[in-house]
Amino acid sequence: MTKPKATTVGNFSRRQVLKAAGTFMVSAPFILKYRAASASDPLVMVSWGGRYQELLESIVAKPFQEETNIPVKIVSGPDIAKAKGQVMSNNLEWDIIDSSGPQIMSGEAQGLWEQLDTGIIDTSGLTVPATATAAPFLLYAGGIAYMPGRTPEAPQTFTDFWDIEKFPGRRGLRNRAHQNLEMALLADGVSPKDMYPLDVDRAFASLEKIKPHITQWIAQTPQTISLLQSNEIDYVFTFNGRVATAKAAGMDIEFSTKQTLLLKEYVAVLRGSKKRESAMQFISYALRPEVQAKFSTAYYSIPGRQSALPMVDPAVRADLPESDNPLTLVLDDKWWSENYSKLDRRFKEWVAT
């Protein structure tokens with residue numbers, strides 16, 4: 001891959017972030033030692049499974065438990081409807097949710113998360129600002145993956161992905177409106193700078209063109225890689241970190257950087273959690289610069305704390321997503337927070353018909 005010229009993150013270029021980080025380093029927040037908690041009643045975090053979850057466990061959860069004696073259990077499948085059901089029934093299965101910006105912002109708008117405790121969590125110096133209830137954990141890219149040994153001529157942009165004649169083959173997309181509507185509009189010729197507010201009807205019309213060629217509507221993120229590996233699909237929308245870790249493990253896989261969606265991942269605490277303080281301590285630990293740098297190096301992601309970026313392995317930094325690429329679309333979480341629920345319901349009904 002070509003080394004990026006000046007990746008921008010939030011309102012900062014990569015060079016500005018590196019310069020700032022050289023003069024300002026956020027010290028690791030002090031975490032109180034707790035008496036040993038019961039392993040049968042752990043702090044529960046819901047996240048995305050697969051290699052991502054393995055890294056969360058090894059880089060964040062286990063060291064946090066060793067330092068604080070607070071056991072952490074990570075489960076898969078963050079879902080806004082399930083989170084809402086838990087909060088409304090006051091029957092929580094999860095304490096912390098790790099999810100995409102639109103889900104988190106939608107949950108915030110519905111009052112599903114606790115206010116961040118800034119006495120515990122340092123919200124200064126983050127790559128993108130924290131909200132009242134959620135802190136950014138990382139930024140990452142979504143794009144097209146394929147196996148070059150099997151399909152050397154593969155789509156590189158979303159227009160290509162929609163071009164069945166030029167790039168015949170089985171396709172896989174996620175089973176949600178978020179990201180798919182943006183891809184459909186990019187494929188239909190909408191410029192990233194003119195994307196929001198989304199022309200929803202135009203997006204669904206574009207999706208109708210590709211729908212017959214989608215052989216898998218994928219529910220769980222790890223399946224985007226496993227279905228490709230098992231030769232059940234030829235091209236798939238997935239995330240750069242998933243591809244990087246699969247490639248490092250020896251898989252014949254590539255990720256197109258020609259056009260990507262830049263996404264933000266946040267962490268929040270479910271309203272009414274009986275482990276609220278422990279959950280805030282966990283988020284504080286996850287945002288430590290050294291923890292962020294280690295995770296970003298392992299997962300090829302932009303860290304949620306600015307001062308972590310210079311600590312990321314230089315080879316990884318060179319391949320991080322480029323938000324200054326004119327074909328890159330940075331997703332608008334605020335727009336989605338106002339439209340996520342109704343559009344995701346419409347999308348799932350559309351898939352089922």
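How many aromatic pairs does a search of the whole structure find? The search turns up 18 of them, where rings of Phe, Tyr and Trp (its six-membered ring) pair if their centres lie within 6.5 Å. This is a predicted model, so to speak: local features need pLDDT of at least 70, side-chain atom pairs count only at pLDDT 80 or more, and totals for chains, interfaces and linings use all residues. Residues are numbered from 1 along each chain as its sequence is written, and side-chain values use heavy atoms, with hydrogens and water left out.

View 1. Tyr140 meets Phe239 edge-to-face. The ring centres sit 5.2 Å apart with the planes at 80 degrees, so this pair counts as edge-to-face (planes over 60 degrees apart; under 30 is stacked and the rest are tilted). Phe158 and Phe237 form a tilted pair. Here the centres are 6.3 Å apart and the planes make 45 degrees. Phe158 is buried at 0%, and Phe237 is buried at 1%. Helices (H or I, at least four residues) and strands (E, at least two) are DSSP runs, numbered from the N terminus.

**View 2. Helix α7 packs against helix α13.** The axes of α7 (residues 200-210) and α13 (residues 333-352) lie 13 Å apart at about 35 degrees (lines fitted to C-alpha atoms over the stretch in contact, angles running from 0 to 180 degrees between N-to-C directions). Val200, Asp201, Phe204, Leu207 and Glu208 of α7 touch Trp335, Leu343, Arg346, Phe347 and Trp350 of α13, contact meaning heavy atoms within 4.5 Å.

**View 3. Lys211 lies over the face of Trp350.** Lys211 is 4.4 Å from the ring centre (a charge sits over a ring if NZ of Lys or CZ of Arg is within 6 Å of the centre and within 35 degrees of the ring normal). Arg171 lies over the face of Phe161, at 5.3 Å.

**View 4. Thr328 sits in a loop.** The loop runs between α12 (314-317) and β13 (329-330). Thr328 is buried, at 8% relative accessibility. Neighbours within four places in sequence aside, Thr328 contacts Pro192, Thr260, Leu262, Glu322 and Ser323.

Conventions. Buried means under 20% relative accessible area, exposed over 50%, partly exposed in between (1.4 Å probe, protein chains only).
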